[in-house]
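I opened this notebook to record what I looked up in a single model. The entries follow the order in which I consulted it.

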Amino acid sequence: MTLKTLSAKAAAALDQELMSTCAFSLDQLMELAGLSVSQADELSQHARDAVYRVHPPTMGRRVLVACGPGNNGGDGLVAARHLFYYGYRPSIYYPKRGKNELYQLEDLQVPFVDDFVSAAEEADHIVDAIFGFSFSGEVREPFPAVIEALQKSEKPVTSVDAPSSWDIEQGPPKSGVGSSFMPATLVSLSAPKPLAKHFTGRHFVGGRFVSPAIAEKYNLQVPEYEGVDQVVEVDVTGEKL
């Protein structure tokens, strides 16, 4: 079976439809996305949700979340809050703060760091929430050094919706910043994007909020979610593992 993906234009249209036809607010979508990311990072006996599925607290509780200025960064902030309540010790690199609220992180005394490279060396796991499906063009400061550190890091990295610096259609750049960046885990939000065809790590889909009618309209292949899971692991064809 061929992996069905969602282009950048279609992904943007889907988000707008979720906020109009389905009456989700942007904050609600970020909350659902952040929950999916946090659940994607643990590999337990019962193989539950994405950072919690691939990196249980027993493997190390220090999770560094790198956030960009857009909605992808907002997803990372929400994920950090959930990870705190799961028992992790998150820290956040957020050099270009957007309009996103900090989602109780300051009240929880989650630390914000200025030196990504040093923080990455001390982390057990890194969440890449810098650029999402709307990224295009060149990587601008201060993120080239961050992505360089990500691709050189020996720590496992989970990318939110897209490995930062990757083209949404073509995948990793042919040369330069991010050309050799291959995170350990990818969490595709709503549906995989075309770049997923170039990804070789563990791939999760977090889109349990997509209704059957919306899935039919956008020709999405919605995987079967188990129990109360917000993510499901899929193979290169999009089939559930």
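For the classes used here, I count Ala, Val, Leu, Ile, Met, Phe, Trp, Tyr, Cys and Pro as nonpolar, Asp, Glu, Lys and Arg as charged, and the others, Gly among them, as polar. I note at the outset that the model is predicted. With these classes, I found that the lining of the largest pocket divides into 16 nonpolar, 7 polar and 4 charged residues.

I read a volume of about 530 Å³ for the largest pocket. It is lined by 27 residues, of which Asp15, Asn71, Asn72, Asp75 and Phe133 are the closest to the pocket centre. Helix 1 supplies the largest share, 6 residues.

I checked the length of helix 4 (residues 71-85) against expectation. At 1.5 Å a residue, its 15 residues should span 21 Å, and the end C-alpha atoms lie 22 Å apart, so the two values agree. I next looked up its burial and found 12 of the 15 residues buried, so that I describe the helix as mostly covered.

I recorded 6 aromatic pairs in the structure. Phe131 and Phe135 form a stacked pair, with 4.6 Å centre to centre and 25 degrees between the planes. Phe131 has a relative accessible area of 14% and is therefore buried; Phe135, at 12%, is buried as well. How are the rings of Phe131 and Phe143 arranged? Their centres are 5.4 Å apart and their planes stand at 75 degrees, so I class the pair as edge-to-face. Phe131 lies in the loop between strand 5 (125-129) and helix 6 (143-152), and Phe143 lies in helix 6, so this pair ties together parts 12 residues apart in sequence. I also confirmed that both Phe131 and Phe143 are buried.

I found Tyr52, Tyr86 and Tyr88 linked into a cluster by ring pairs. Lastly, I looked up Arg97, whose charged end sits over the ring of Phe112, 4.5 Å from the ring centre.

Note on methods. Residues are numbered from 1 along each chain as its sequence is written. This is a predicted model: local features need pLDDT of at least 70, side-chain atom pairs count only at pLDDT 80 or more; totals for chains, interfaces and linings use all residues. Side-chain values use heavy atoms; hydrogens and water are left out. Helices (H or I, at least four residues) and strands (E, at least two) are DSSP runs, numbered from the N terminus. The expected span of a helix is 1.5 Å times one less than its number of residues. Buried means under 20% relative accessible area, exposed over 50%, partly exposed in between (1.4 Å probe, protein chains only). Rings of Phe, Tyr and Trp (its six-membered ring) pair if their centres lie within 6.5 Å; planes under 30 degrees apart count as stacked, over 60 as edge-to-face and the rest as tilted. A charge sits over a ring if NZ of Lys or CZ of Arg is within 6 Å of the ring centre and within 35 degrees of the ring normal. On a 1 Å grid over the protein atoms alone, a cavity is a set of points where a 1.4 Å probe fits but cannot get out, and a pocket is an open set with protein on both sides within 12 Å along at least five of seven lines; lining residues have an atom within 4 Å of a point. Grid points are joined across faces, edges and corners, and a volume is the space filled by probe spheres set on the points.
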